[in-house]
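Me: I would like to go through this model with you step by step, with each reply ending on the value or name I asked for.

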Amino acid sequence: MHRLQDFGRNQGKTIRLDCPSPPPYIGRFAPSPTGPLHLGSLYTALASYLDARSRNGWWLLRIDDLDTPRNMPGATERILDCLAAFGLHWDGEADLQSRHGQQYQQAIADLQRRDLLYPCSCSRSLLAEAGPIYPGYCRSQAYRNDQPAALRVKASPGEVEFIDGLQGIIRESIADQHGDFIVLRKDSIVAYQLAVAVDDYRQGITHVVRGSDLLDSTPKQIYLQQLLGYPTPEYLHLPIIVDRNGQKLSKQTRAEAVTATSANQTLFMLLSLLGQNPPPTLKRAEIPTILDWAVARWSPERLRGIRSISIDTPPSNQT
C-alpha cells in the first residue's frame with residue numbers, strides 16, 4: 001500500500017499500486033517547481049486527472065525539478081498542497097526528477113555508445129545568429145576538452161508522425177524543422193526533451209495530456225523514444241488558456257497563483273473552459289461532487305482542433 005504523500009505528509013487517502021499488473025492507462029501531471037500553480041497549470045492538471053480517472057487509470061504526479069537555477073524554494077510543497085486542496089489526489093508518492101540521475105546518464109551513455117551524440121561548444125550569440133534550426137556547426141568539428149560543451153543528438157532525415165487526441169495528425173522532420181537538439185546542457189543539467197522521454201518510460205506512462213504549447217516538443221521526445229527503444233505514449237494536447245491580450249497564462253507572464261478560496265467555483269470555471277458544460281447548480285457543490293460529475297462525463301472531444309482559449313470566452317460546448 002502507498003499513501004498519498006507530500007514527501008511523508010499524509011494527504012488522507014490510500015491508493016493501491018501493488019496490484020498484479022498496472023492498468024492499461026497510466027497518466028501523469030509534471031509541473032516544474034518554479035512557482036505556485038496558476039490557473040493555466042491547474043487547468044492542465046484537472047484535464048489530465050479527468051482523463052485518467054474516466055478510464056479507471058492511474059494518475060501520477062512528477063515534479064520536474066532538474067532545472068535547479070529556476071526552482072523556487074517552497075514551490076514543490078505549494079504545488080502539492082494546491083492539488084490536494086482541489087481534490088486532485090495522485091496515485092502513490094509524488095516523484096522527483098532529481099532522484100533519477102542514474103537513469104538519465106544511462107540513456108546518454110547508450111546514445112553515446114552508438115555515436116548518436118556530439119559535443120557542442122557554440123556560444124549563445126552564434127546560436128542566435130543561426131536562428132531556431134541548429135545548422136550543425138559542431139557536428140564534424142574536433143572538440144577541445146578545455147571548452148564547456150553541451151551534448152546534441154544527431155537528427156536523421158525522415159519524419160516523425162503521430163496522431164494527437166485533439167490536434168490530429170502531426171508530422172515533423174526533426175532534421176529540417178529543428179536540427180540537432182540538446183540533450184545535456186553546458187551546465188551539465190539534463191535537457192527537458194531527454195528527461196521527459198526517460199521519465200515517461202521509467203514511470204510506464206501510456207497517456208500524456210498537456211498543453212498545445214508543448215506540441216512542438218513532442219516530435220523530439222518521440223524521436224528520442226525511438227532511438228532508445230522506448231514505447232510511445234498516446235498524446236492529447238489541450239488548447240492553452242490565453243488572456244485578453246492573447247498571451248498564454250504562465251509564470252513568465254506573471255499569471256496569478258491559484259488559491260483554494262472558492263475552490264468549487266474555480267473548478268466550475270475550469271470545466272467550462274474545458275468545454276464540459278457543467279450545470280449552474282454544480283458551482284455551489286462540494287469538490288468531490290464536482291469531480292465525480294466531471295469524471296463521469298469527461299468528453300475532451302469538444303476541444304478538438306482548438307489551440308487556444310481566451311479566459312474571457314470559453315469555447316462553445318453545445319452537443
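Me: How many of the residues of helix α7 are buried?
Reply: In this predicted model, helix α7 covers residues 218–228, and its buried residues include Thr218, Lys220, Tyr223 and Leu228. A residue counts as buried when its relative accessible area is under 20%. The helix is largely enclosed by the rest of the structure, because the buried residues number 10 of the 11.

Me: Which residue just after α7 takes a positive phi?
Reply: The buried residues of α7 include Leu227 and Leu228. Just after the helix, a positive phi of about 75° is taken by Gly229.

Me: Is α3 roughly parallel or roughly perpendicular to α7?
Reply: Helix α3, residues 101–113, packs with α7 with the two axes 10 Å apart, and the angle is about 70°. Angles of 65 to 115 degrees count as roughly perpendicular. The relation of α3 to α7 is therefore roughly perpendicular.

Me: How many charged residues are there in the contact of α3 with α7?
Reply: On the α3 side the contact is made by Ala107, Asp110 and Leu111, and on the α7 side by Leu224, Leu227 and Leu228. Asp counts as charged, while Ala and Leu count as nonpolar. The contact therefore divides into five nonpolar residues and no polar ones, and the number of charged residues is one.

Me: At what angle do the axes of helix α1 and helix α8 cross, and how does the contact divide by class?
Reply: The axes of α1 (residues 39–53) and α8 (residues 263–273) come within 10 Å and cross at roughly 75°, which means that α1 is roughly perpendicular to α8. In this contact Leu39, Leu42, Tyr43, Leu46 and Leu50 of α1 meet a set of α8 residues that includes Thr266, Met269 and Leu273. For the angle, then, the value is roughly 75°, and for the classes the contact has 10 nonpolar, one polar and no charged residues.

Me: What are the edge strands of the open sheet of three strands?
Reply: The strand order in this sheet is β3-β4-β5, and the pairing is parallel. Strand β4, residues 58–63, pairs with β5 over two bridges, and Arg62 has Asp95 in β5 as its bridge partner. Each edge strand pairs on one side only, and the two are β3 (26–29) and β5 (95–96).

Me: Which helix packs on this sheet touching β3, β4 and β5?
Reply: Helix α2, residues 75–85, lies across β3 and β4 and runs at about 160° to β4. The helix that touches β3, β4 and β5 comprises residues 192–202, its direction makes about 145° with that of β4, and it is α6.

Me: Which residue of β9 is the bridge partner of Glu161?
Reply: Strands β8 (residues 159–164) and β9 (residues 168–173) run antiparallel and are joined by six bridges, forming a hairpin with three residues between them. The covered face of β8 holds Val160, Phe162 and Asp164, whereas Glu161 lies on the uncovered face with Glu159 and Ile163. Across the pairing, the partner of Glu161 in β9 is Arg171.

Me: Does Ser121 count as buried, partly exposed or exposed?
Reply: Ser121 is found in the loop between β6 (117–120) and α4 (124–130). Because its relative accessibility is 25%, Ser121 counts as partly exposed.

Me: What percentage of the residues of the protein count as buried?
Reply: The protein has nine helices and 14 strands. Among its contacts with a separation of 6 or more, 76% are accounted for by residues 24 or more positions apart. The accessible surface comes to about 15,400 Å², with 48% belonging to carbon and sulfur atoms, and of the 319 residues the buried share is 53%.

Methods
Residues are numbered from 1 along each chain as its sequence is written. This is a predicted model: local features need pLDDT of at least 70, side-chain atom pairs count only at pLDDT 80 or more; totals for chains, interfaces and linings use all residues. Side-chain values use heavy atoms; hydrogens and water are left out. Axes are lines fitted to C-alpha atoms, for helices over the stretch in contact, and angles run from 0 to 180 degrees between N-to-C directions. Helices (H or I, at least four residues) and strands (E, at least two) are DSSP runs, numbered from the N terminus. Angles under 35 degrees count as roughly parallel, over 145 as roughly antiparallel, 65 to 115 as roughly perpendicular and the rest as oblique. Contact means heavy atoms within 4.5 Å. Buried means under 20% relative accessible area, exposed over 50%, partly exposed in between (1.4 Å probe, protein chains only). Two strands pair if DSSP finds at least two bridges between them. Accessible areas come from the Shrake-Rupley method with a 1.4 Å probe; for residues, only the protein chains shown count as cover.
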